[in-house]
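Student: I am new to this structure. Please take one part and walk me through it closely.

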Amino acid sequence: MEVFKLTKRWEFKQTNTSTWLPVAQVPTNVHQDLIANNIIKDPFLDLNEQDCQWVGKVSWTYRLKFPGQKGSNKHTILAFDGLDTFATVTLNNHTILTSSNMFIPHRVDITETLIPGTNTLAITFRPALLEGRKLLTTHPSHKYICSNGEPSRLPVRKAQYHWGWDWGPVLLTCGPYREIRLESYCTRISDLTMSYILAPSFTSVSGTLTARIEDPPAGANVTFTATFETERVFHATVPVIKGEASLQFFVPEVRVWMPHTYGMPHLYTIIATLQPVHHEVRLRTGFREVELVQRPLRSGKTFLLRINGVDIFCGGSNLIPTPRSDPTDLLRQCVEGNQTSLRIWGGGVYPPDEFYACADELGVVILQDFMFACGNYPTYPAFRQSVAEEVESQVGRLTPHPSVCFWMGNNECYDLIREYGLEYDWEDKNPRGWLKTTFPSRWLFEHLIPRAVMGPYSPASPFTPQGKPPNDPNAGDMHYWGIWHGGKRIDEPGGGRFVSEFGMQAFPCPETIERFVTDPRERHPQSKVLDAHNKATGHMTKLAGYVAENLPLSGGEWWYLTQLLQAETMRFKLSEWRHDWGRRGCGGALVWMLNDSWPAVSWSLVDCYGVKKMSFYAVKRAFGRVVVVVRMLEGGVRCWVTTYALGGVDVTVQVRAVGIHSGEVVWAWKGDVRLTPNGTTDVDLAHGPQGGDFVLAATCWVEGRVVSRDVEWPVPLRYVHDIGRERGVKVRVNGERVVITAEKPTKGFNFEEREGVQWSDNAFDLVPEVEYTVERKGDGEVKWTFLGKEVGKC
């Protein structure tokens, strides 16, 4: 089999013009190519987004000329892994494909269309915005309702965020956004699938491998080989019968795949080789069993994942589309940040194969939305057929990945039922009848999709079982927006059985702002440019209100204050929900959101250039393997330790009350504690300190090594006098090691974050008699700040 990736020598033009322009490489999109040819300015910079809206209202054509010749192979195929979106493909002026769904790959046999000499492949992309508006008039009986963007997105199977979202721009792009290949062969393995069952003890596995063969020659056979690292697990050759070769296998001592926070993500390599042509297909996969546990509690039911018999706390974040060239970098940042889980949000795209392969290798649990978000989707026959093909394709592609542990039908579509009075009767179990209601997309989420997926599935996120409105705190998963949209305090209790969204906005770091705001006069927090890069309704009022409520406005620059606010929000809420994990009252917490889709003021932990905000480190500490928490509550001081460890762990815990202005220890407690495995252990402090001008500093040791720290300050911090004055902070740089000490409690000590510099820890509180050591990778001046202090450097 011969495979040629068609990446170079492409050109493009606006369809109704005559000037062809060069394309650097495919995959690509039209905005990227227009920027490269100086036709538009980068829409990520300044106010340029507004000046390139015309791009999404016209058609664009891509063209490639390539040599062709009739060879001995029986089939010549053009494979399109992703065309965005309304595409007409011609080869030598013959239409070979029309496509209207960017999530469906295509394979076109061009054996008879290919000619000797030069062949011309052309792809014309019609504007999705205008095509969507046409579909609204073609199918007017449906009730088109959406939040974010405009209703024309609903009948279009394209990334919904392209119409704009409350964190991203309106950029209705198009183009060949995934790989295009030319394949030539006589026969091939067209598909390799595996089904299996783990023993109840999870120590052995039995299953079936099936290879499907296209045009198999007489006497063909397939050899299946499985290896674990360098060890051969099984090896067998079976004949091809009626286009298939199947092998039943048994592995007596299997190594299962586990999330990285709970074990090792063991993977096996399975190779199927077709003889006599020696076509080979590889499957890199793992064995695991996933169960959604919804058992009764005193109030409601649990909502948690159990993997290989182990209850898993899904601490993590949400992923939106990223402009970064290597999306697997975000997975590595997840692991660095102790995040077990990553939810693929439903208004974007299904990530590429290498993303899921990386998640498998790293042991990240993927919670996968289907690509529907915040809308009442139509269900006319052509739309249903398109979605059916999309679901079949994506489920087939993603199912072999052990990291994909949970599926969700959409993002927030069920929220519209109550808001707009749409028809939904939980007791009605007739799918065809659903199509006649004002919420017909129920047919997609409760009939079409669940019949295709293997493993745990929920019709939506959020979703409450038994037909109850979404965001019930006692059942299902919820999007907790009491903070931000609801105006609740950042330390106010609240949440649900599984929090799949919550967040707080923050400005990016100064270096990031300098990169996308080119005019220095526009870099202040109230500028027109920065306002345009925050798409959330009422963002200025909400963010300013939260900062003013919690922090002294004189405590630092605005970017720093917003980042400290965001970090404090993470600290309060994640510690609360991990404590609830002890009784299985909360099965997971996913921060909204991990990343940005463009340079923005948003809810992200990491900006679009990969630079971390202070909240990244707050999340990292909150999701540690062993975490100590101390809180000042109305009933007194509380302390607890949470752990992912499955066996008993002995720890030493110390809690000190340290005077904010004196730096003296006014009370202390220290003791040994045996931790409850994979749960929460409350620490009895006997009689804690009563009132006073102090912070509480907790430290946890395992076998003499500090594994966790926490510092609790009086709330709100704006009430604390002279919070940054005369702290006695000292910073010593010794190569890659930086040591920090303080004579008095110091809030929010933070090293400057910039591209190319990595810190092992950052954005932490300092207390006397403790030496903090941080590892630094990267060169340049070391700068730092803390609450109430101007920038220091050395």
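Tutor: Start with one pair of residues. This is a predicted model. Met632 has Val637 in β30 as its bridge partner. Now widen the view to the strands. Strand β30 covers residues 636-643 and is joined to β29 by 8 bridges. β29 and β30 run antiparallel.

Next comes the sheet. The open sheet has 3 strands, in the order β29-β30-β33. Its pairing is antiparallel. At the edges are β29 (626-633) and β33 (680-683), and each of these pairs on one side only. From one strand to the next, the twist averages 25°.

α12 lies across β29, β30 and β33. Against β30, α12 runs at about 70°.

The largest nonpolar core holds 197 residues. Phe224, Ile366, Phe370, Phe372, Leu574, Ile740 and Phe751 are the members that touch the most other members. Helix α12 (residues 558-581) gives the most to this core: 11 residues. Another core lies apart from it, with 35 residues, including Trp60, Leu64, Ile123 and Leu171. In soluble globular proteins, nonpolar side chains tend to be buried together.

Last, look at one core member. What does Phe751 touch, leaving out residues up to four places away in sequence? Phe751 touches Val731, Val738, Ile740, Trp759 and Asn762, and also Val774, Val782, Lys783 and Trp784. Among these, Ile740 is itself one of the residues that touch the most other core members.

How values were computed. Residues numbered from 1 in each chain as written. Predicted model: local features only at pLDDT ≥ 70, side-chain atom pairs only at ≥ 80, totals over all residues. Heavy atoms only, no water. Core = buried A, V, L, I, M, F, W, Y, C linked by side-chain atoms within 4.5 Å. Buried < 20%, exposed > 50% of the residue type's maximum accessible area, 1.4 Å probe, protein only. Helix = DSSP H or I, 4+ residues; strand = E, 2+ residues; numbered from the N terminus. Contact = heavy atoms within 4.5 Å. Pairing = 2+ DSSP bridges. Axes fitted to C-alpha atoms, helices over the stretch in contact; angles between N-to-C directions.
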